[in-house]
Structure formats: C-alpha cells, structure tokens
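Subject: Structure handover

Hi,

Here is the structure I promised to pass on to you. Please have a look at it first, and then read my notes below.

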Amino acid sequence: MLSPDYLDRCADETLGMSDELSTSLAAAVGISLVSLENLNSEKAISKAAAQLQEESLRRYGSFRTPLDAALQDAFYAAGKEDIRAENARLRQHDMRRITRLTPRMKELLENAYQDASGDLLNLTRTTVSTSQSLFVEAANRAFLQVKSGSASYTDALTEAVKSAARQGTTVLYDAAGPTQLDVAMRRAVLTGVNQAAASVTLAYADEVECDYVETTAHAGARPTHVLWQGQVFCISGRDTGYRKFAEATGYGKVDGLCGVNCRHNFYMFWPGISVPVYTQEQLQAYTAASIPWQGQMLTEAEARAMQRAREVRIRESKRTLAVLDAAAQSTNDAALKAALQAEFAKEARLLDRRQASLQEFCAATKRRMDTARTQVHAITAPDGRIISFDRALARKAADVV
C-alpha cells in the first residue's frame, strides 16, 4: 500500500528534472531568436532552426540518463515502501510476513519501470521537435510584425522570446490535447508508480492467501472515486458479502482505482481480524466543504485546484524569467538587451505578486506550501539530487522587485 501523501510526492525528483529540461529547451529557443542575423531571411531562420535542433538534442541527451536513474529509484522505493506498509499491518495480527521483495515482485516492478521509462522517453523526445516548431513560429511571427510595421525589430523579438518562454515545451499527452511537459511527466510517474505498487500488493496477497483489500481514502477525491474509497472488497468475488474488487473500483481501467493520476491504493484486509482504517465520519468529512476562503466554504478538491492554479502561474513566471535572462545575456544588441531586461523586471514583479497570492491563500486555508510544485530550473547535486530553483536567478529577480 502507498498512502495518498506518498503518491503526491513520489514524482518530485523527476518533476524537478523535467523542469530543468523544459526551461533549458525554452531558453535555447530564446537564445536562437536573439541570435538571428537576418529576421526576414527564410534561409537564416531554417539554418538557425537546424542549429537549435542540434542544441536541443545535446541538452536532451545530458538529461536522459539522470532521469532514468531517478525513475528507477522511484519505482523500487515504492515497492519497498509497499512491503513495509503491508508488513506493519501483518505484524499487528502476528501473521506471516515477507521481509524483502520476492523475484515475482521484482519482475513486476522492473516491467512497470520499463513501461514508464518508455512513456517518458516518448514524452521528452517530443520536446525537441516542439522547440524547433516553437522557434520557427515565433521567428516568422516576428518577421511579419516588422514587415507590416506593427512592431519594431526590438519589440518583435522581445515579444517572440517572451512568447516562447510562456509556452515552454508541450507534448500531445492524450486526447485532451497538448499539455506542459512537466505536468505530463508528473502524471506519468505518479500513475506508473501507483500501478506498480498495486501489483506488488496483489502479489503479496496471493503469497499469503489474502482475498480482501481495503482501499485508501483522501480528501478531494474525484466524485466517482468517493463511491468506493475507504471500503473493503473481495478480490476474487467469491465472498458475496463484499463487492468484487476490480468490478466495484474500476481497478485496471484508466479512470478507476490506480488509474491515471489516481492517488488511491489499497491494503490487504482480513474480515473479523483487521480493523477498518477509516470511519464513516472520516469519509464524510473528506467530501465536506469545510475550508474557509473569502466568505465561502471550499471542499478539499476546490482548494487543491485553486492552489495548483497558483503554483502553475508561479512556475510559468520562473520559466519566463530564466528564458528572458538567457536571451538578454546572449545578445550583443544593446537595445534588444535593454528591452529584454525591462521585460525581466516586469516578470519579476509579477512573480512576486503571484508568490504573495499563493502564500496568502495557503495561510488563510491552512494548507501546506509545496515547494516542489513551484520550483523551476532546478540544480542537480553531484549525487544526482534535485536541490532547488537556481539561486542566482532567484536573487536577480528579487533585486528588481
């Protein structure tokens, strides 16, 4: 079993890495734009696009290995945490326990990790072509603005860099359409880790001949998941006194238990021996509108969505600052450099307001600030850990506020 809190944080390190790649590629687009020698030359734009492709591939290549290592660590850590949590319950009942991952469990984790690795490889590969397309579109738009007289060369390029920074890197993640790389990667890691741990729990249940599970529960669950969270089910369906596990919860389906972006998991359970983790009062409290905000009462789902929206805007500002700074440092055109620095100062003030809005919201609603969700352009330590937002850039932004 993995707790909802564990699942909420399991993708933090890979998220930091995806931020690093996303910001790096967006910065490469910005640098390519201000380095254009001839904005109205199709040949010059094509040449710069080809050079950008090479640079993007280089940056992507340096990113791939540490991401894969972090992903593998996340899956095996989840497997061990799952065993630890199940053993804690088994110990309470003095039942037989498995002290380490069995060969079957290791196989399940390895297969799940390989699947997730392939998914993330596809996601990150698209960022290279996305960067090139973003550059060409921005360069052509700037050219049309200058040609039509609607903007000066300096203003057109400044706007192009800002636009590239705002858009960042997107991927076609599903039928819903494009989404930011960091969001798609976090979703993929959380889902993969959750499904891997679930398969380990079922393998453990089979090993100790347990035919029942209790699902976890958390505030802010989607309405369809509220119907079965915190309840006990029979895995095989042989005991008609309990609903059949997969049938009742949608386990194995995209929108069911352990499906895409789901933070529910499940424990082994023994009727007549195990004590349910959740009371009916707790389950009801999870769906209640009990969080005060500006004269209204919010549910956890509503408060979570409002906090996430503020975090997304902060990440956007930080990415924009990194791209504007990289572009300003790369150009020798004094007017363009001054314009980019002016935009940097504006964005820094916007970031300050956005951070204040998040802090105010979290203080008023008594919610925890999640720094991993507002961190962009992370620093990688020698041992591979993601430390924090680039401090030099953060200081530069703070100096102009």
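A residue counts as buried when its relative accessible area is under 20%. By that cut-off Asp12 is buried, because its relative accessible area is 15%. Please keep in mind that this is a predicted model.

**Salt bridges**

Arg9, for its part, is partly exposed, with a relative accessibility of 34%. In general, side chains of opposite charge can pair when their charged atoms come close.

As a rule, an α-helix has 3.6 residues a turn, so residues three or four places apart point the same way. Lys162 counts as buried at 18% relative accessibility, while Glu159 counts as partly exposed at 39%.

Another salt bridge joins the side chains of Glu300 and Arg367, at 2.8 Å from N to O. Glu300 belongs to helix α10 (residues 300-330) and Arg367 to the loop between α11 (334-365) and β8 (378-380), so this pair ties together parts that lie 67 residues apart in sequence. Both Glu300 and Arg367 are buried. There is also a network: Asp8, Arg304, Arg308 and Glu311 are joined into one by salt bridges that share partners.

**Helix α3**

How far apart are the end C-alpha atoms of α3? They are 72 Å apart. Helix α3 runs over residues 42-92, and at 1.5 Å a residue its 51 residues should span 75 Å, so the two values agree. The helix does bend, by about 30° at Arg64, and a proline, Pro66, follows within four residues. After α3 comes Asp94, which has a positive phi near 55°.

**How α5 and α10 cross**

Two packed helices are described by the angle between their axes and the distance between the axes. For α5 and α10, the axes come within 8 Å and cross at roughly 140°. Angles over 145 degrees would count as roughly antiparallel, and α5 and α10 are therefore oblique to each other. Their crossing is right-handed.

Most residues other than glycine have a negative phi. Two further residues are worth a look on that account.

- Glu209 is not a glycine, yet its phi is positive, about 55°. It sits in the loop between α6 (181-207) and β3 (212-215). With 74% relative accessibility, Glu209 counts as exposed.
- Asn261 is not a glycine either, and its phi is positive at about 65°. Its place is the loop between α8 (245-249) and β5 (266-268). Asn261 has a relative accessible area of 38%, so it is partly exposed.

That is what I have for now. Happy browsing!

Best wishes

Technical notes: Residues numbered from 1 in each chain as written. Predicted model: local features only at pLDDT ≥ 70, side-chain atom pairs only at ≥ 80, totals over all residues. Heavy atoms only, no water. Helix = DSSP H or I, 4+ residues; strand = E, 2+ residues; numbered from the N terminus. Expected span 1.5 Å × (residues − 1). Bend = angle between axes of the 7 residues up to and from the residue. Buried < 20%, exposed > 50% of the residue type's maximum accessible area, 1.4 Å probe, protein only. Salt bridge = Lys/Arg side-chain N within 4 Å of Asp/Glu carboxyl O. Axes fitted to C-alpha atoms, helices over the stretch in contact; angles between N-to-C directions. Parallel < 35°, antiparallel > 145°, perpendicular 65-115°, else oblique. Left-handed = near helix turned anticlockwise from the far one by under 90°.
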